[in-house]
Amino acid sequence: MAKGKKDLDLSTEEKIMEAARKVFTEKGYAAARTRDIAEESGINLALLNYYFRSKEKLFELVMLEKVNKLFGTIIPILSDETTELEEKLDKIAESYIDLLLVNPDLPIFVLSEIRRRPEKFAQLVNAKERVTKSVFMKQLLSRKLSVSPFHILINLLGITVFPFVARPVLSKLIKNEEEYDTLMKQRKELIPMWIKTMLN
């Protein structure tokens, strides 16, 4: 009997989380209401509050999940001591584009949170430790570039992520979704090529 209740609890929590992902992605934190999430998950508001106490708590769980998805792709590559810089560039472009083709709303969701609470976001990501002190940054510094290595990192992330942020506009300029996806897949090879040119 206890096992059945536990399964039910997990199922209810997952229903709430799934609804929260959808509502927060569509409306953002400010416009989303716990009532919207309860309705979307098909449960009553009291039950939602029993499981997750507050909108803030629920949003933090969703946000942490999204951040881990977005940065969980890049951090292991940046920290890998066994790959050369050029190989890292190939892997970052390929991994990010594959991720964003499947999760096109992810960058907008994360960027809106960066604007809303930059300090909280930086804390969640632990960017200073995980990015600025990464093997990738050390490899860039060792090249003794004429510009800050942050320019390389910013350009790499910008040209990879921006087409997905601008997808609503870009998709109107491109014939159809299939062609858009083809263009994005071509960027897996083009982006590393452009960044490597900057390094020379």
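Here is a short chat about the helices, domains and pockets of a predicted model.

Student: Before we start, what do I need to know about the numbering and the model?
Tutor: Residues count from 1 along each chain as its sequence is written, and side-chain values use heavy atoms, with hydrogens and water left out. Since this is a predicted model, local features need pLDDT of at least 70 and side-chain atom pairs count only at pLDDT 80 or more, while totals for chains, interfaces and linings use all residues.

Student: How many helices and strands does the protein chain have?
Tutor: Helices (H or I, at least four residues) and strands (E, at least two) are DSSP runs, numbered from the N terminus. The C-alpha trace spans about 65 × 40 × 35 Å along its principal axes. The count for the chain is twelve helices and zero strands.

Student: How far apart are the C-alpha centres of domain 1 and domain 2?
Tutor: The bounds, from an automatic or database domain assignment, are 10-53 for domain 1 and 56-198 for domain 2. Their contact (heavy atoms within 4.5 Å) takes nine residues from domain 1 and eleven residues from domain 2. The C-alpha centres lie 28 Å apart.

Student: Which helix gives the most to the lining of the largest pocket?
Tutor: A pocket here is an open set of points on a 1 Å grid over the protein atoms alone, where a 1.4 Å probe fits, with protein on both sides within 12 Å along at least five of seven lines; lining residues have an atom within 4 Å of a point. The largest one has a volume (space filled by probe spheres set on the points, joined across faces, edges and corners) of about 510 Å³. Of its 22 lining residues, F71, L111, I114, F121 and L157 are the closest to the centre. With six residues, the top contributor is helix 10.

Student: How many of the residues in that lining are nonpolar, polar and charged?
Tutor: Ala, Val, Leu, Ile, Met, Phe, Trp, Tyr, Cys and Pro count as nonpolar, Asp, Glu, Lys and Arg as charged, and the others, Gly among them, as polar. On that basis the lining of the largest pocket has 20 nonpolar, two polar and no charged.

Student: Where does the second largest pocket lie?
Tutor: This pocket holds about 250 Å³ of space, and its lining divides into three nonpolar, two polar and seven charged residues. Helix 1 gives the most, with four residues. Both domains give residues to the lining, so the pocket lies between domain 1 and domain 2.

Student: At what angle do the axes of helix 6 and helix 10 cross?
Tutor: Axes are lines fitted to C-alpha atoms, over the stretch in contact for helices, and angles run from 0 to 180 degrees between N-to-C directions. These two axes come within 8 Å and cross at roughly 100°. Because 65 to 115 degrees counts as roughly perpendicular, helix 6 and helix 10 are roughly perpendicular.

Methods:
Parallel < 35°, antiparallel > 145°, perpendicular 65-115°, else oblique.
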